[in-house]
Amino acid sequence: MTKFKKFSLFLILAAFMVIAAACGGAEEEPKENAEGTEPETAELEGSVVVDGSGTVYPFMALMAENYMTDEQENVSVEVGRSGTSAGFKKFLVEADGTDFNDASRTIKDEEKAEADKLGIETQELKVALDGLTFVINPDNDWAKELTEDQVKKIFLAEGNIKNWSDLDPSFPSEPIKTMGPNENHGTYEFFWEKILGEKDLVEGINLQQEYSTLVDLVSKDKNAIAFFGYGYYESNKDKLQAVSVDFGNGPVAPSTKTIGESEDFAYSAFTRPVFTYLNVDMAKEKPQVLDYAIYTMENANAVATETGFAPLPEEEIKASIDALNALK
């Protein structure tokens with residue numbers, strides 16, 4: 001073999017060794033994201049169990065769908081809607097409770113006491129704002145606008161209102177059919193406690209477990225009036241109409257622009273926050289539970305606007321995310 005051929009062979013072998021070394025080194029390099037600073041999101045698996053508020057259900061159901069589709073396809077997020085109070089009974093169970101309880105009211109003192117008794121640490125996560133909405137049949141052309149006082153009189157026993165004409169002589173002399181969610185729901189409790197001041201409800205009110213049942217009943221009865229969260233009205237506008245309420249400065253229709261906690265929002269008197277409660281011990285034991293909690297808060301405002309809720313101020317969202325990250 002000539003010296004030239006030996007030298008050429010040496011160059012080829014040297015180049016091959018450089019390429020092989022480079023390839024081997026690349027395999028040992030940790031994966032980085034586009035910025036080259038953080039590793040890719042770890043793949044998680046397992047389940048996350050959520051129950052509770054029927055009002056919060058559309059929000060949480062969409063959140064769960066997005067999470068399983070876009071974030072962690074190997075995590076199963078199960079979302080129920082037994083109602084706030086019924087949900088807390090499933091949440092406050094030693095070692096076998098749900099991971100989250102959605103709530104359209106804050107946790108009660110007796111529920112806190114039960115959590116303490118069981119050694120369950122809970123974390124309240126405010127996820128959106130809702131407006132208590134009063135809905136009537138599309139053919140009802142007399143009660144489209146009511147004062148706050150008139151709304152209360154309709155649902156209070158002491159109001160002594162049986163017919164629409166009892167409320168206003170210009171209204172039809174037809175019986176008012178009052179309806180709403182039952183005692184399992186935080187919406188009922190918010191209305192009874194905060195709006196009606198814990199006074200007796202009108203006799204014969206039709207209280208239902210399912211919001212879909214209320215939608216159907218009102219859509220078929222010209223004399224019906226019911227209350228529930230704004231999101232259920234928003235998704236059933238083709239079957240219902242919302243009552244505009246006059247709080248003293250003219251009628252206000254509930255909407256994501258008028259619903260808010262400060263006096264800057266015209267529907268603030270009937271606005272309430274909605275929540276999900278996290279079992280902190282579950283979040284520490286199961287990484288998918290904590291990951292889902294963080295994802296929920298990071299995407300809360302986007303999902304809220306898609307499901308008929310008003311968004312939260314960004315500083316409140318950030319505070320919740322910081323608190324969750326501290327659990328890692």
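Let me begin with a term: when I say contact, I mean heavy atoms within 4.5 Å. What I am showing is a predicted model, in which local features need pLDDT of at least 70 and side-chain atom pairs count only at pLDDT 80 or more, while totals for chains, interfaces and linings use all residues. Residues are numbered from 1 along each chain as its sequence is written, and side-chain values use heavy atoms, with hydrogens and water left out.

Helices (H or I, at least four residues) and strands (E, at least two) are DSSP runs, numbered from the N terminus. Axes are lines fitted to C-alpha atoms, for helices over the stretch in contact, and angles run from 0 to 180 degrees between N-to-C directions.

With that in hand, helix α5, residues 148-155, lies across β5 and β10 and runs at about 85 degrees to β5. Those two strands belong to an open sheet of three, in the order β5-β10-β11, with mixed pairing; two strands pair if DSSP finds at least two bridges between them. β5 (145-147) and β11 (251-252) stand at the edges with a single partner strand each, so one side of each has no neighbour in the sheet. Strand β10, residues 244-246, is joined to β11 by two bridges, and the two run antiparallel; Asp246 stands opposite Pro251 in β11.

Now to the helix pairs, and to α11, residues 287-298. How do α2 and α11 pack? Helix α2, residues 57-71, packs against α11 at an angle of about 115 degrees, with the axes 11 Å apart. The two are therefore roughly perpendicular to each other, a term for angles of 65 to 115 degrees, whereas under 35 counts as roughly parallel, over 145 as roughly antiparallel and the rest as oblique. Among the residues that meet are Phe59 and Tyr67 in α2, and Tyr292 and Tyr295 in α11. By class, this contact of α2 with α11 has seven nonpolar, three polar and two charged residues, where Ala, Val, Leu, Ile, Met, Phe, Trp, Tyr, Cys and Pro count as nonpolar, Asp, Glu, Lys and Arg as charged, and the others, Gly among them, as polar.

Turning to α13, residues 314-325, its axis and that of α11 come within 9 Å and cross at roughly 165 degrees, which means that α11 is roughly antiparallel to α13. The residues of the contact of α11 with α13 divide into seven nonpolar, two polar and one charged, and they include Leu290 and Ile294 in α11, and Ile317 and Leu324 in α13.
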